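Okay, thanks for coming, everyone.

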Amino acid sequence: MRIVLDTNVFVSGVFFGGQPGRILTAWRDKMVRLVLSHEILEEYIEVLYRLEKLYPPIEAEPVIELILAGSEIIPAVPLEKPVSCDPDDGKFIACALASKAKVIVSGDKHLLSLKRFQDIDILSPSEFVQKYL
């Protein structure tokens, strides 16, 4: 199953574990396929480098290499109009549409308030784990 992870879920999974960590374990074990657009990848990288500067024990490069080796990066066309109160959320929906992903996993209240967009479920990490893992 292809999934799109909001940046907060990915970063939480890498550094803090919990339910986001379980999703990343499923990705590692090839139970799910992580799909990214170039725009999402850029955001992941930006956040990882920012965390590396703030918390020196964190090393961004190994995580970036893992993302590049283990995810599917697809071209996604930006949405014509915002579908959420937060226009930054559009990149996750655009990626899910372009890749035909069934699920976006997010901790973002604006995305989660949509619950569903077309045939894409928008779930919290705990909802995803409960439903699919």
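Quick housekeeping before that. This is a predicted model, so local features need pLDDT of at least 70 and side-chain atom pairs count only at pLDDT 80 or more, while totals for chains, interfaces and linings use all residues. Residues are numbered from 1 along each chain as its sequence is written, and side-chain values use heavy atoms, with hydrogens and water left out. When I say helix or strand, I mean DSSP runs numbered from the N terminus: H or I of at least four residues for helices, E of at least two for strands.

In what order do the six strands of the open sheet come? Reading across, you get β3-β2-β1-β4-β6-β5, and the pairing is mixed. Two strands pair here if DSSP finds at least two bridges between them. At the edges sit β3 (72-74) and β5 (116-117), each of which pairs on one side only.

Let's go across it pair by pair. β2 and β3 run parallel, joined by three bridges, and L36 has I73 in β3 as its bridge partner. β1 and β2 are parallel with two bridges, and there I3 stands opposite L34 in β2. On to β1 and β4: parallel again, three bridges, with L5 partnered by V105 in β4. Then β5 and β6 run antiparallel, held by two bridges, and F117 finds its bridge partner, I120, in β6.

One more thing on β2: is that strand mostly covered or mostly open? Mostly covered, with four of its five residues buried. Buried means under 20% relative accessible area, exposed means over 50%, and partly exposed is in between, using a 1.4 Å probe and protein chains only.

Take α4, residues 60-70. Which of its residues are buried? A60, V63, I64 and I67. Looking down the axis of α4, those buried residues fall within an arc of 100 degrees, so they line one face of the helix. That arc is taken from the directions from the helix axis to the C-beta atoms. As for what the buried residues of α4 pack against, that's α1, α2, β2 (33-37) and α3 (38-54), where contact means heavy atoms within 4.5 Å.

α7, residues 125-132, has P125, F128 and V129 buried. Why are these on the same side of α7? Because they cover an arc of only 95 degrees around the axis. Q130 and K131 are exposed, on the face of α7 turned away from its buried side. The buried residues of α7 pack against β1 (2-5), α1 (7-16), α2 (18-28), β4 (103-105) and β6 (120-123).

Next, helix against helix. Two packed helices are described by the angle between their axes and the distance between the axes. The axes are lines fitted to C-alpha atoms, for helices over the stretch in contact, and the angles run from 0 to 180 degrees between N-to-C directions.

α1 and α2 pack at about 90 degrees with their axes 7 Å apart. That makes α1 roughly perpendicular to α2; under 35 degrees counts as roughly parallel, over 145 as roughly antiparallel, 65 to 115 as roughly perpendicular, and the rest as oblique. From α1, the residues involved are V9, F10, S12, G13, V14 and F16, and they meet G18, P20, G21, L24 and W27 in α2. That contact divides into seven nonpolar, four polar and no charged residues.

E39, I40 and E43 of α3 make the contact with K91, F92 and C95 of α5, which comes out as three nonpolar, no polar and three charged.

Last stop, K30, in the loop between α2 and β2. K30 counts as exposed, at 72% relative accessibility. K30 and G70 are 40 residues apart in sequence and 9.2 Å apart in space, C-alpha to C-alpha.

Methods. Ala, Val, Leu, Ile, Met, Phe, Trp, Tyr, Cys and Pro count as nonpolar, Asp, Glu, Lys and Arg as charged, and the others, Gly among them, as polar.
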